[in-house]
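Thanks for making time this morning.

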Amino acid sequence: MNRIGNQTIKFNNPPTILETASIVGPKEANGPLSKYFDKCLEDEFWGENSWEKAESKMIKEASNLAISKSNLPISDINFCLAGDLLNQCISSNFGLREINIPFFGIFGACSTFAESLCLGSILVESNAANNVLCSVSSHFCSAEKQFRFPLELGNQRPQSAQWTVTGSGCAIISKTGQGPYITHITPGKIIDMGIKDSNNMGAAMAPAALDTLITHFKDTGRNPSYYDGIFTGDLGYVGKEILTELALSKGYNIKSNYNDCGVLIFDKDAQDTHSGGSGCACAATVFSGYIFNQLKEKKYKKILLIATGALTNSTTAQQGESIPGIAHAVSIEI
Amino acid sequence: MGFFQTLDYMMLLKAFIVGGLICIIGQILIDKTKLTSARILVIFVTTGVILGGLGIYKYLVDFAGSGATVPLTGFGNALAKGAIEGVKQYGFIGAFTGGVTAAAGGIAAAVFFGYIAALIAKPKMKKQ
């Protein structure tokens, strides 16, 4: 592998995404992408007595499912890269404590899935690993409790608010395989444009997505039409519109082939999710379920996944700090 | 049947309209500003305290009864009224004890029923 341009890494022996797995909650199961997910839960507690335990169970079961779908013995998975939204990444730490694979806990807020794909493919390409498991999770109820208000308070949500996706998405990156291949990654910079409204994360993250998108095109010499699909992680309706306009003003027209995982996962009108989905699991389940399926069926041949993250917590929000955003891009081709 | 005949229907209508109007103000604040529900709650209580302390809120209570006392502004009004009466009865210290004494029924009921609800109910996913 070698670095091209400012911040893009090009893989000379592109790692394969061997297998993916996705588990989603009941609301996601009622959405338009329902049929692409491996497992749809009927109950957001999934038989546990707390949402945190339910979320841990999701990442555990989704990881096990990805491993069993790949037909690899667990001893062949050399490293696990995992993260989530809860303080100290407890969903991944507790969920994967019995998995018995060397473990890196990572945090990139809702961009964690792309971050794990970036780091995982570097591990594989550098010969440090043959197979790497990338897992993330999020849960609407545990996220609301931590970042906004306890659900018992019954707060109303403003129209710009997004709905944290309940679920877990996992991918296994492998040295050998028939594709889809991760050919380039463009890790993003932290971008803070001073947005302070934690009910409008899309607007806070859109400038970070723009920076990574344009840097990716400049570094690789590609243009938007190179890709069959460009997918941001969870900008939602508000952020999607902002990114489309910002990109156009910089000379990149992404209108025809761009969509957002947060827009795809819910039916806005029927499900009343306001500005769309968000959370680590948003990009992860839409990729692991829908996009990976489309790549396998060759409906998409070249896609760019740009998972976006809002690097905030409830303390900084209460202290009036703005919301720094980040976005990592992963170019996946068959 | 006697119960329905003793009802003051005009008063019911006034309570409904005034209580509803106070809630509309809250809804507009939620929709049109970035105020959190906690801040709106504090604004309502302090507004009630100020209007109660100035003796204005009692006209609203006389006009609309529970339509004015049940919303949070009514709680603020009770605090202010209690503090004034406390000062009359106990002097300076009454300013601190009077308000909470007057609102004690509401506060204790909130703690009691909150506890009962926590015992019998389990938090659930929001529908929207």
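Predicted model: local features only at pLDDT ≥ 70, side-chain atom pairs only at ≥ 80, totals over all residues.

Thr47(B) counts as partly exposed because it has 17 C-beta neighbours inside 10 Å, where a residue is called buried if 20 or more other C-beta atoms lie within 10 Å of its own, exposed if 12 or fewer, and partly exposed in between, with the C-beta atoms placed from the backbone. Residues are numbered from 1 along each chain as its sequence is written, and chains are lettered from A and ligands numbered from 1 in the order in which they are written.

Thr47(B) lies in helix H3 of chain B, and here helices (H or I, at least four residues) and strands (E, at least two) are DSSP runs numbered from the N terminus. If we leave aside the neighbours within four places in sequence, Thr47(B) is in contact with Thr73(B) and Gly76(B), contact meaning that the C-beta atoms of two residues, placed from the backbone, lie within 7 Å. Lys126(B), by comparison, is 79 residues away along the chain, and its C-alpha atom is separated from that of Thr47(B) by 31 Å.

Thr73(B) and Gly76(B) are both among the residues through which H6(B) touches H3(B). The crossing of H3(B) and H6(B) is right-handed, that is, the near helix is turned clockwise from the far one by less than a right angle.

Chain B as a whole has seven helices and zero strands, and its C-alpha atoms fill a box of roughly 50 × 40 × 35 Å along the principal axes. Buried residues make up 21% of its 128 residues. Of the contacts in chain B with a separation of 6 or more, 59% are between residues 24 or more positions apart.

Turning to the partner chain, nine residues of chain A are in contact with seven residues of chain B.

Within chain A, helices H6 (residues 201-220) and H7 (residues 236-249) have axes that come within 8 Å and cross at roughly 40°, and this crossing is also right-handed. Among the residues that meet there are Ala206(A) and Leu210(A) in H6(A), and Ile242(A) and Leu246(A) in H7(A).

Finally, how covered is strand E14 of chain A? Eight of the nine residues in E14(A), residues 302-310, are buried. E14(A) pairs with strand E11 (residues 229-232) in the parallel sense over four bridges, where pairing requires that DSSP finds at least two bridges between the strands, and within that pair Ile230(A) has Leu304(A) as its bridge partner. With strand E15 (residues 325-333), E14(A) pairs in the antiparallel sense over nine bridges, and there Gly309(A) is partnered by Ile326(A).

Notes: Axes fitted to C-alpha atoms, helices over the stretch in contact; angles between N-to-C directions.
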